[in-house]
Amino acid sequence: MIEALRRSALRASGVLIRWIILVAAVAALVATMTAIVGYDPWVALGSLWHGSLGTQYAVLSATLVRATPLMLTGLAVTLAFTAGLMNIGAEGQLLAGATAAVAVGLATGQSASRLVTVPLELVLGGLAGALWAFIPAWWRQRFGVLEVISTIMMNFVALYLVGYLVRGPLQEPLHIYPQSEGLPAAARLPLLAAGMRLHWGFPIAVLCSLALWWALRFTAAGFRIRVLGMNPDAAVSAAQIDVRRTAMRAFLASGALAGLAGAIEVTGVTYSLYENLSPGYGYTAIAVALVGALNPLLTAVSSILFGALEAGAAAMQRDAGVPSVLASVVEASIILLLLAFRELRVPGSVLRRLRAWRPTASDRASATGDSMSGRS
Amino acid sequence: MTDAISSFLEATMRTATPLALAALGETIVERAGIVNIGLEGVIIAGSFGAAATAGVVGISGAFTAAVMAGLACTALLGILIITLRAEQIVAGTALTLLALGVTGLLYRTIFGTTGVALTIPTAKPLVIPVLSSAPVVGRAVFAQPATTYAVYVLVPLVAWWVSRTRAGLSLRAVGESPAAAVAAGVSPDRIRWLALMFGGALGGLSGGCLVLAQVGTFAEGMSAGRGFIAIAIVALGRWAPLRVALAALLFGAASALQFAFQSLGWNLPYQLFLALPYLLTLVALAGIAGRHAPPAALGRGWVRSS
């Protein structure tokens, strides 16, 4: 374990150097884009810094609060991508988890104590996320439906389901606003300390990242998941792995992590359910996981960088009037830059493991309908 | 009742047109062995291109701008996945996120966030005399904007091109077996570039059509998953242009149902109808399972074990 930690640290130092380059690239991107759309780039960068890492308040009440759902959904994507599963559905799974947590919190929060209610909310939120992931996973195995498409469809279905619930069965008692009633105090995650917005969800997310790192590296199940992602054919023929079962479990665990993110967001931050609960956490998670090189520990750190970017972008909108949607442009640019750099073999090639999914030229040449399409 | 049916059919054709355009382009792209997950981004780029220019250059100029925007987006994707051989699905997803972000940023910067919806001139329906007065289906088929007629022409043309021409054969060879294509003297990369750009042009046109022939305004994220639905339509149409067009019609009908139920006064939650196309996609994809294989070299990740 010590040896593995040492090797991880060595690899992490390489990644850290790339991150410094990445942060510089992000600053350059933000400055260029704000200048193009007609704002003062120095003012924008100043408020970006001030609102993200510049003050203790910004770190504890904005950046880390924002990083918590990104960490959990980033881990969900990391797990799925490691297994070679294209789960783009973290957004929908997050909403499913949030819905379940609010439903159970409103039902039990008045009578039961916090020690019962909060764990129940988090567990049911995780289960709901897993359930939302089960449908595309099952569809994939039963009918061969590409999970990329089905998980995205499930995101839209989740969004409209929440839209219906907050105007129907779960609407607040006065029936004015499209949102649920606020969770009672016993159904809320406690804050870490008075005077900050950071709640217990953050340490839970960090624990999840440690647990996932350990599970992927040191358990048989984690080994099976990694082999499956590297080469499904070898997984069957050489390692005697039950691909269907491994893939299903990885997909469900990925959904559970995203569901937990939703449950934590409603019990720790918003305290109620509404449609715009997530500003696309489930999609940003893809960038978080890729920048984290699909390593759970690095993904945790990368989620803090993205949390800082999004918190800073919100401050930029408040103070400098720059639309905060700029953050998502930067995020998408980061993914595209990483992909391009990896393929150009320049130092930024942090995504070596991802190469396993991409059929090489010889694979393409020898591909038969059977091996590539997954149909027999 | 006849009125309800005929306006339902009209709405079906209107909502099916952008889906059919995008799906027809994606059919060609997939026959060349590429899945363009960035199609959603291409469509929103087309919508924004049309919305930003319609007031200045008129409707036909705006359609051109939509196509150009679609082409620009697709070129970026082509550099990544064809030239640099990046993973198709991650690159496509990132392109979609980028296009949604850039259009949102530009929209807020240029048109502000005042909440006043942008009003854009829309293409008037071209009413074909005599034919359009046919009972029930007349107006649905023969009183539509020019883009719908473009679909009528493009679908059989593309179907013929794919199955009956030498170039179409090269395209299919690249999608089924790039090695065999190389042996026959065809460059897979060149064919893939051409196919991808054709898909980009039609994707941009689809986005333009959404703005100029359907809603007459722009909203952030207005493509609302149509790119992903179009990819599902291609699978449902089993990679054949005529069947793809029919599948697009089915999805148009699913979207048009909400107007029909509203006019019939049925009291069902409207979110159910909004979710209907996405649910239909899930069901339809399962329904075609195992009946017909996609192009053998279609790029994808996880392989289902048997």
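# Notebook: a two-chain predicted model

I began with confidence: chain A has an average pLDDT of 84, and 90% of its residues score at least 70. For my own reference, pLDDT is the predictor's confidence in each residue, running from 0 to 100. This is a predicted model, where local features need pLDDT of at least 70 and side-chain atom pairs count only at pLDDT 80 or more, while totals for chains, interfaces and linings use all residues. Residues are numbered from 1 along each chain as its sequence is written, and chains are lettered from A, with ligands numbered from 1, in the order in which they are written.

**Entry 1: where to be careful**

Two residues are in contact here if their C-beta atoms, placed from the backbone, lie within 7 Å. Chain B averages 83, with 91% of the residues scoring at least 70. I marked residues 300-306 of chain B too, where pLDDT stays under 50 and the model has 24 contacts beyond four places in sequence.

**Entry 2: chain A overall**

I found 15 helices and 0 strands in chain A. These are DSSP runs, numbered from the N terminus: helices are H or I of at least four residues, strands E of at least two. The C-alpha trace of chain A spans about 65 × 50 × 40 Å along its principal axes. Its radius of gyration is 21 Å, which agrees with the value near 21 Å for a compact globule of 376 residues. That radius is taken over C-alpha atoms, and the globule rule is 2.2 Å times the number of residues to the power 0.38. Of the 376 residues in chain A, 54% count as buried. Buried means that 20 or more other C-beta atoms lie within 10 Å of the residue's own, C-beta atoms being placed from the backbone.

**Entry 3: a helix pair in chain A**

How do α4(A) and α5(A) cross? The axes of α4 (residues 90-108) and α5 (residues 114-143) of chain A come within 7 Å and cross at roughly 145 degrees. Axes are lines fitted to C-alpha atoms over the stretch in contact, and angles run from 0 to 180 degrees between N-to-C directions. Among the residues making the contact are Gly92(A), Ala96(A) and Val104(A) of α4(A), and Leu120(A), Gly125(A) and Trp132(A) of α5(A).

**Entry 4: chain B overall**

Chain B has 11 helices and 2 strands, in the order α-α-α-β-α-β-α-α-α-α-α-α-α. Its radius of gyration is 19 Å, close to the 19 Å from the globule rule for 306 residues, so chain B is as compact as a globular protein of that length. The C-alpha trace of chain B spans about 60 × 45 × 40 Å along its principal axes. Buried residues make up 56% of the 306 residues in chain B.

Which residues of α6(B) are buried? In this helix (residues 166-176) they are Ser170(B), Leu171(B), Ala173(B), Val174(B), Gly175(B) and Glu176(B). Their cover includes α1 (2-31), α5 (146-164), α7 (178-183) and α8 (188-215) of chain B. In α9(B) (residues 226-236), 11 of its 11 residues are buried, including Arg226(B) and Phe228(B). After α9(B) comes Arg238(B), with a positive phi near 50 degrees.

Definitions and conventions
A residue is buried if 20 or more other C-beta atoms lie within 10 Å of its own, exposed if 12 or fewer, and partly exposed in between; C-beta atoms are placed from the backbone.
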